[in-house]
Amino acid sequence: MPSEVGVFVTLIERKIMEAYTKVVCILGLLIFVSISDIHRVEGAGECGRSTTPDNEAIKLIPCVSAAKDENVKVTKNCCAQIEKLGKNPSCLCAVMLSNTAKMSGADPKVAITIPKRCNLANRPVGYKCGPDFCSLHSSLR
């Protein structure tokens with residue numbers, strides 16, 4: 001009988017450890033979600049709460065060639081994405097200055113000409129993108 005009691009105690013210890021592990025995992029997940037939500041609320045940036053300039057830059061993959069060379073024809077897909085982003089000029093500028101845009105090899109001085117090259121009627125006119133773009137705002141017209 002002592003061996004049966006030992007087995008019974010071992011099973012109870014395992015169940016307690018399994019329950020403890022589940023509680024720790026659930027608490028960890030809740031803490032992670034809480035921190036993520038707090039960061040999202042406080043971190044609303046130029047492109048809104050649900051996205052970042054880097055995430056929006058990924059949508060501009062059809063524009064990479066046109067953002068590197070002013071002589072490259074801008075595609076319809078690129079113009080469609082630029083038109084969507086152009087509704088929020090501060091987001092568009094943040095995208096052009098994002099790490100993703102830099103890593104793609106896009107030239108901000110060329111990229112800023114894309115709205116004009118797309119012949120977008122409602123493009124941001126006279127909008128300046130950061131300190132490096134003070135002299136470039138006329139290219140948006």
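Cys79 and Cys118 form a disulfide (a pair of cysteine sulfur atoms within 2.5 Å), with their sulfur atoms 2.1 Å apart. The structure is a predicted model, in which local features need pLDDT of at least 70 and side-chain atom pairs count only at pLDDT 80 or more, while totals for chains, interfaces and linings use all residues. Residues are numbered from 1 along each chain as its sequence is written, and side-chain values use heavy atoms, with hydrogens and water left out. The chain has 8 helices and 0 strands, where helices (H or I, at least four residues) and strands (E, at least two) are DSSP runs numbered from the N terminus.

**Disulfides**

- The count of disulfides comes to 3, and the link of Cys79 and Cys118 is left-handed because the torsion about its S-S bond is about -90°.
- This link connects distant parts of the chain, with Cys79 in helix H4 and Cys118 in the segment after helix H8 (114-117), 39 residues apart.
- Cys79 and Cys118 are both buried, where buried means under 20% relative accessible area, exposed means over 50% and partly exposed lies in between, for a 1.4 Å probe and protein chains only.
- Another disulfide joins Cys63 to Cys78, with an S to S distance of 2.0 Å, and since the torsion about its S-S bond is about 110°, this disulfide is right-handed.
- Cys63 lies in the loop between H2 and helix H3 (64-68) whereas Cys78 lies in helix H4, so the pair ties together parts that are 15 residues apart in sequence; both cysteines are buried.
- Cys47 and Cys91 also form a disulfide, their sulfur atoms 2.0 Å apart, and with 95° about the S-S bond this link is right-handed.
- The pair of Cys47 and Cys91 links distant parts of the chain, from the loop between helix H1 (2-42) and helix H2 (53-58), where Cys47 sits, to helix H5, which holds Cys91, 44 residues apart; both of these cysteines are buried.

**Packing of H4 and H5**

- Helix H4 (residues 76-86) packs with helix H5 (residues 89-96) at an angle of about 125°, their axes 7 Å apart; axes are lines fitted to C-alpha atoms, for helices over the stretch in contact, and angles run from 0 to 180 degrees between N-to-C directions.
- H4 and H5 are therefore oblique to each other, given that angles under 35 degrees count as roughly parallel, over 145 as roughly antiparallel, 65 to 115 as roughly perpendicular and the rest as oblique.
- Ile82, Leu85 and Gly86 of H4 make the contact (heavy atoms within 4.5 Å) with Pro89, Cys91, Leu92 and Val95 of H5.
- By class, this contact has 6 nonpolar, 1 polar and no charged residues; Ala, Val, Leu, Ile, Met, Phe, Trp, Tyr, Cys and Pro count as nonpolar, Asp, Glu, Lys and Arg as charged, and the others, Gly among them, as polar.

- H5 is largely enclosed by the rest of the structure, because 6 of its 8 residues are buried, namely Cys91, Leu92, Cys93, Ala94, Val95 and Met96.
- These buried residues of H5 pack against H2, H4, helix H6 (99-104), H7 and H8.
- Leaving aside residues up to four places away in sequence, Ile82 touches Leu60, Cys63, Leu92, Ile114, Pro115 and Leu120.
- Buried residues make up 28% of the 141 residues in the chain, and among contacts between residues at least 6 apart in sequence, 64% join residues at least 24 apart.

**Exposed residues**

- Asn119, in the segment after H8, has a positive phi of about 55° although it is not a glycine, and Asn119 is exposed, with a relative accessible area of 64%.
- Lys109 lies in helix H7 (residues 108-111) and counts as exposed at 54% relative accessibility.
- Lys109 and Met96 are 13 residues apart in sequence and 9.4 Å apart in space, C-alpha to C-alpha.
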